[in-house]
Amino acid sequence: MRRREALLVAAIAALRPDRALSAPVPAQPFAMAEVAPGLHVRQGVHEEAAPENQDGIANIGFVIGKEAVAVLDPGGSRADGERLRASIREQTDLPIRYVVMTHLHPDHVFGAVAFADDRPVFVAHARMAAMLVQRGEFYRNVLADALGIEEAGDYAKPDLLVSDTASIDLGGRRLQLRAHSTAHTDNDLSILDEQTGTLWLGDLLFVDRVPALDGSILGWLRETKALRDVPATRAVPGHGPTVVSWPGAVAPQERYLGGLVRDIRAIISHGGDIEKAVATAGQAERANWALFDDYNGRNVTSAFKELEWE
Ligand SMILES: [Zn+2]
């Protein structure tokens with residue numbers, strides 16, 4: 001790293017001690033960054049799905065072993081998946097043997113169609129298959145409305161279902177997979193790249209972009225606590241920088257989710273209703289997150305329904 005860049009990184013780190021000290025920043029939108037040897041990440045933009053971004057809004061990437069490649073989230077649309085596949089072929093000709101899907105949300109998995117001809121093993125949390133039967137059609141329609149039917153892509157039916165833990169071997173490089181209890185969704189899978197101590201978290205970790213709750217707020221806080229003990233020094237969030245320090249970078253998300261729980265419990269204990277909660281809970285965090293107004297109300301609604309029965 002050049003001296004000026006090093007100074008800049010140090011200055012940023014001093015301002016934001018919870019953040020990565022040297023997250024590689026891609027040269028242009030949708031470019032890949034190698035965040036650890038053989039581990040490449042494409043940083044998503046903090047936007048909703050639109051034709052201009054081709055739903056390239058999540059962090060996606062791949063890991064290269066001695067014998068094979070694993071895709072970690074295949075992208076948000078057909079075009080996003082094709083772009084990812086082209087990036088892999090710029091780095092290696094090794095077979096793409098696995099496509100791991102961290103959870104069912106379209107921005108992470110609808111690029112799966114771009115890898116069909118590689119005939120990889122599609123890997124997912126055991127509960128993802130059932131959720132896709134429930135929601136696949138809905139997601140396909142929403143994305144087709146945003147991008148056009150040809151561009152939307154589709155998810156792939158998982159071949160290898162993980163209900164607890166599993167590992168895959170890329171040739172001298174093992175990835176540990178872990179199926180989580182309900183947190184961001186009910187089908188979150190995390191991946192530990194043992195060789196580099198990098199934890200790929202999908203949407204179990206949001207950095208900068210406000211977390212979106214589609215599972216259990218208490219479950220998410222519990223899983224986060226357990227994840228803190230994973231022997232990793234850095235993590236790749238589902239949304240945010242290409243790489244962050246672990247576990248330090250999860251602190252803002254814990255603060256946001258913990259704050260929602262506290263605010264909502266206080267409202268419930270004073271007889272307040274869900275409208276009051278939506279209007280006030282979490283608002284102290286508003287300035288800290290991108291897309292806050294798009295998601296905080298939904299998060300509060302979901303969390304309120306969970307907490308009112310305690
Ligand atoms: Zn998600």
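Predicted model: local features only at pLDDT ≥ 70, side-chain atom pairs only at ≥ 80, totals over all residues.
**Strands**

Strands of a sheet pair through backbone hydrogen bonds, either parallel or antiparallel. Here, an open sheet is formed by six strands, in the order β8-β9-β10-β11-β12-β13, and its pairing is mixed. Its edges are β8 (165–169) and β13 (244–245); each has a single partner strand, so one side of each has no neighbour in the sheet. Within the sheet, β11 and β12 run parallel, and Phe-206 has His-239 in β12 as its bridge partner.

Another pair, β1 and β2, runs antiparallel. In this pair Glu-34 stands opposite His-40 in β2. The hairpin of β1 and β2 has two residues between the strands, and Gly-38 takes a positive phi near 75° there. The table sets out the two pairs.

| Strand pair | Residues | Direction | Bridges |
|---|---|---|---|
| β11 and β12 | 198–206 and 234–239 | parallel | five |
| β1 and β2 | 32–36 and 39–42 | antiparallel | four |

**Helices**

Two packed helices are described by the angle between their axes and the distance between the axes. For α6 (residues 217–227) and α7 (residues 251–269), the angle is about 145° and the axes are 10 Å apart. The crossing of α6 and α7 is left-handed. On the α6 side the contact involves Ile-217, Trp-220, Leu-221 and Thr-224, which meet Glu-254, Leu-257, Gly-258, Leu-260 and Val-261 in α7. Of the residues in this contact, six are nonpolar, two polar and one charged.

Helix α2 (residues 78–91) has 14 residues, and at 1.5 Å a residue it should span 20 Å; the end C-alpha atoms are 20 Å apart, so the two values agree. Its buried residues are Arg-78, Ala-79, Asp-80, Gly-81, Arg-83, Leu-84 and Ile-88. What do the buried residues of α2 pack against? They pack against the strands β2, β3 (60–64), β4 (69–72) and β5 (96–100), and against α5 (149–152).

**A buried loop residue**

Phe-110 lies in the loop between α3 (106–109) and β6 (121–125). Is Phe-110 buried or exposed? Phe-110 is buried, because 29 other C-beta atoms lie within 10 Å, and 20 or more count as buried. Leaving aside neighbours within four places in sequence, Phe-110 is in contact with Asp-55, Gly-76, Ser-77, Leu-143, Ala-152, Gly-153, Asp-154 and Tyr-155. Pro-95 is 15 residues from Phe-110 along the chain, and the C-alpha atoms of these two residues are separated by 21 Å.

Conventions: Residues numbered from 1 in each chain as written. Pairing = 2+ DSSP bridges. Axes fitted to C-alpha atoms, helices over the stretch in contact; angles between N-to-C directions. Left-handed = near helix turned anticlockwise from the far one by under 90°. Contact = placed C-beta atoms within 7 Å. Nonpolar A, V, L, I, M, F, W, Y, C, P; charged D, E, K, R; others polar. Buried ≥ 20, exposed ≤ 12 C-beta atoms within 10 Å, placed from the backbone. Expected span 1.5 Å × (residues − 1).
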